[in-house]
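Colleague: I would like a close look at a single part of this model, followed by its setting in the rest. Please give the cut-offs behind your terms as you go.

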Amino acid sequence: MAGIKENAAAVYEWVEHRLGLIRPLTAAATHPTPASNASWWYVFGSAATVLLIMQVVTGILLALVYSPSANEAWSSLGILNHNVPLGWYLRALHGWGSDFMIAIVLIHMAQVFLFGAYKFPRELTWIVGVGLLLLTLGMAFTGQVMRFDQDAYWGLGIGASIMSRVPLIGAPLVHLLLGGPIIGGATLSRFFTLHVFVIPGLLLAGVGVHIWMTLLHGVSDWPMPGRLVHKSTYEREYQELTGKTGIPFVPDAAWKDAVFAATIMFALMACAFFFGPFGPTGTPDPTIIQSVPKPDFAFLWIYALLAFLPTNIETPVILVAPVLGIAAMLLLPLLAGEGERHWARRPVAVLMVSVIAVTLGIFTRLGTYTPWSPIMDAWTSAPIPPQYLHNRTPLERQGALVLQDKQCRNCHTLEGVGGQRGPALDTIASRMTEDQIIRQVLQGGGNMPAYGNALNPAETKSLIRFLMTLRGENLAPAVDSSHALTHADQTQTAQPPSSAPALKTP
Amino acid sequence: MSELLEHPGEPSNNDLPPEAKAAAHTRRAFLFKVSVLLNVAVGAVLAVPLVGYLLGPAMKKRSTTGSWIAIGLMSEFPVGETRLADFRSPVASFDDGDTAKVACWVRRISEKEFQVFAVNCAHLGCPVRWFAQSKLFLCPCHGGAYYQDGSRASGPPERGLFEYRYKLVGDSLVIHAGDMPTLATQASCKEKPLVQIDPAFAKAASTPTRSTEWQG
């Protein structure tokens with residue numbers, strides 16, 4: 001036994017004498033870190049790294065089968081899903097891994113922000129981290145293109161349309177993005193190059209620099225209210241703290257990272273197993289216009305935002321807001337590199353994270369059911385609720401037919417079924433008078449097209465009659481209060497009170 | 001080893017007297033600087049073809065993009081109706097597969113009068129669908145709506161649908177197609193864009209001088 005041990009030691013000495021990496025790496029892994037850092041809050045960065053390695057490994061395995069050609073990409077995904085043993089599971093791991101990685105990177109970022117860990121001397125670590133976040137999102141977008149289906153095709157169309165809004169150089173930018181005049185083989189090739197060579201290379205290099213800086217400056221100590229960061233004293237204080245309470249990172253702190261990473265990986269494996277791979281949806285054939293394109297989860301909030309921007313400020317917002325947002329993230333540590341770190345003393349930081357998280361959550365939620373989009377087949381698939389047809393005149397029932405036939409249901413619900421672009425029509429007559437409804441239908445306005453050219457007088461008449469029956473719980477129809485006044489006015493004119501000057505009766 | 005340390009530029013020479021430092025500016029140090037410059041020059045020359053290759057797609061002259069292509073017989077498009085037509089993009093490449101296909105909406109107004117619209121919404125390029133009963137084009141993405149003549153009806157688009165130039169050759173309807181239509185790349189589309197943001201702007205856009213602005 002002793003012989004084996006001695007032999008192993010000799011082999012280790014032989015290798016290390018020539019390689020010279022094992023000792024410094026061991027020293028780096030076991031470097032002392034303040035004991036307060038052995039926290040469950042400090043596990044997200046390492047989990048993101050583990051997920052990145054997972055993505056690289058599954059990505060390489062998928063590239064064994066995937067064909068990055070516009071002719072074959074979609075079919076090769078089908079082969080991965082159905083013909084290659086476990087191909088579906090690799091696709092599922094890679095797809096879910098992408099969502100997991102974005103989520104963990106965002107949580108890591110929020111944690112670092114709330115703990116003030118971006119302050120001196122870790123400003124550059126944060127700035128590189130912002131770059132890593134953007135690269136991660138870049139991987140997600142280019143990855144969606146790899147799934148060369150209808151969502152990928154029209155997602156590229158949206159990308160090109162956004163590029164085309166750049167003043168002066170819009171057209172060259174579109175061509176640069178697409179690799180030619182149209183979305184096609186050249187587009188897929190360049191997105192493949194970005195997804196497989198360029199961005200992963202930058203990402204791995206960036207992660208290396210990020211981790212190097214973390215080792216150089218040490219993991220930031222647990223923030224304490226009132227313990228301020230000063231450039232002149234912080235590093236000495238950190239060293240003192242490490243000297244007093246230091247524990248070796250491996251194993252005393254790292255076991256929590258390892259447990260969390262294993263938990264995340266297990267959750268990822270379970271999601272991939274139970275929910276399976278994403279798509280592909282239909283073939284990337286732009287002549288199939290029965291398509292409802294949607295971006296992947298990480299970009300749903302942008303998709304939702306683009307539905308709400310007013311037309312006249314949309315282009316400036318699309319082009320300027322990302323620049324400002326990224327600039328703000330990059331400048332944060334340079335402008336706020338000193339001072340309080342604890343979240344309890346930084347209410348604005350807490351408020352920002354809360355507002356941003358709620359905003360992203362709301363827009364993502366809206367993006368999952370797109371209330372602003374017409375439901376294209378509602379006019380043929382959503383029936384009129386029967387009670388709205390009981391005890392109605394033939395003219396009113398004819399109006400119900402007009403309502404269906406003119407696709408009103410694509411944007412309007414009855415009993416919650418139909419499009420949500422316009423208001424629900426269930427109680428429309430108790431909110432609008434007959435005159436208002438006629439005007440709205442014929443002239444449109446307020447985000448509704450005018451139907452004057454699409455309705456003949458008979459259709460209009462019957463449609464209005466039907467709409468006038470829609471007053472929930474048999475409420476009285478809305479009345480125009482000015483009618484009464486006009487009427488009263490007429491009455492008064494007809495029979496002027498005695499006190500009024502007799503103007504019209506000479 | 002000791003021989004190497006004698007050479008200039010090494011840390012051990014830092015405490016040398018000035019004369020010795022001057023002597024350290026040797027032919028080798030000079031040649032190293034020259035070699036750096038040489039590599040900068042070579043790199044600059046090499047960058048020209050590399051960057052040119054990379055920017056190739058963006059450098060293409062607008063006028064060379066696209067050509068006339070027949071999309072069907074006139075008899076396929078009844079007067080007063082709007083029909084979907086498709087064709088293979090004249091600018092497609094060998095490996096474009098299904099993505100080389102292009103769809104367009106053909107509206108026949110009268111015997112000789114057509115409008116050919118791109119399916120791409122003027123907002124963000126999603127495929128619009130025609131609803132003959134309500135005489136509207138609707139976009140599934142963000143709810144852009146257009147009237148039968150392609151003008152903006154409602155929703156986020158800032159203008160009407162992109163319109164291809166067309167001509168009638170014998171019995172065929174021929175359109176000019178090239179770039180995927182976006183706000184910046186509509187060279188293949190009709191001179192006069194259907195701008196409908198507000199009446200005053202629409203009026204201005206209908207004059208020939210204004211229309212060139214959209215050609216970017």
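In which sense do strand β10 and strand β11 of chain B pair, and over how many bridges?

Modeller: They pair in the antiparallel sense, over four bridges. The model is a predicted one, in which local features need pLDDT of at least 70 and side-chain atom pairs count only at pLDDT 80 or more, while totals for chains, interfaces and linings use all residues. Residues are numbered from 1 along each chain as its sequence is written, and chains are lettered from A and ligands numbered from 1 in the order in which they are written.

Strand β10(B) covers residues 166-169 and strand β11(B) covers residues 172-177. Strands here are DSSP runs of E with at least two residues, helices are runs of H or I with at least four, and both are numbered from the N terminus. Two strands count as paired if DSSP finds at least two bridges between them. Within this pair, Y166(B) stands opposite I175(B). Two residues lie between the strands of the hairpin, where G170(B) takes a positive phi near 60°.

The classes are buried for 20 or more other C-beta atoms within 10 Å, exposed for 12 or fewer, and partly exposed in between, with the C-beta atoms placed from the backbone. P181(A) sits in the loop between α8 (170-178) and α9 (185-217) of chain A. Its C-alpha atom is separated by 55 Å from that of T30(A), 151 residues apart along the chain.

Of the 216 residues of chain B, 37% are buried. Among contacts in chain B with a separation of 6 or more, 48% come from residues 24 or more positions apart.

Other strands of chain B form open sheets. One has four strands in the order β2-β3-β4-β9, with antiparallel pairing. Its edge strands, which pair on one side only, are β2 (82-88) and β9 (163-164). The antiparallel pair of β4(B), residues 114-118, and β9(B) is joined by two bridges, and F117(B) stands opposite E163(B) there.

A second open sheet of four strands in chain B runs in the order β5-β6-β7-β8 and is also antiparallel in its pairing. At its edges are β5 (129-131) and β8 (152-154), each pairing on one side only. From one strand to the next the twist averages 35°, taken between axes that are lines fitted to C-alpha atoms (for helices, over the stretch in contact), with angles from 0 to 180 degrees between N-to-C directions. Strand β7(B), residues 145-147, pairs with β8(B) over two bridges in the antiparallel sense, and the bridge partner of A145(B) is S154(B). In the loop between β5 and β6 (136-138) of chain B lies K135(B), which has a positive phi of about 55° although it is not a glycine. K135(B) counts as buried because it has 20 C-beta neighbours inside 10 Å.

Helix α3(B), residues 27-59, has 33 residues and reaches 45 Å from its first C-alpha to its last, close to the 48 Å expected at 1.5 Å a residue; that expected span is 1.5 Å times one less than the number of residues. The number of its 33 residues that are buried is zero, so α3(B) lies largely in the open. The helix bends by about 45° at Y53(B), with the proline P57(B) following within four residues; the bend is the angle between axes fitted to the seven residues ending there and the seven starting there.

In chain A, a positive phi of about 50° occurs at E415(A), which is not a glycine. E415(A) lies in the loop between β3 (413-414) and β4 (417-418) of chain A and counts as partly exposed because it has 14 C-beta neighbours inside 10 Å. Chain A also has a cis peptide bond from F120(A) to P121(A), with omega near 0°, and P121(A) is in the loop between α5 (87-114) and α6 (123-146).

Conventions. Two residues are in contact if their C-beta atoms, placed from the backbone, lie within 7 Å.
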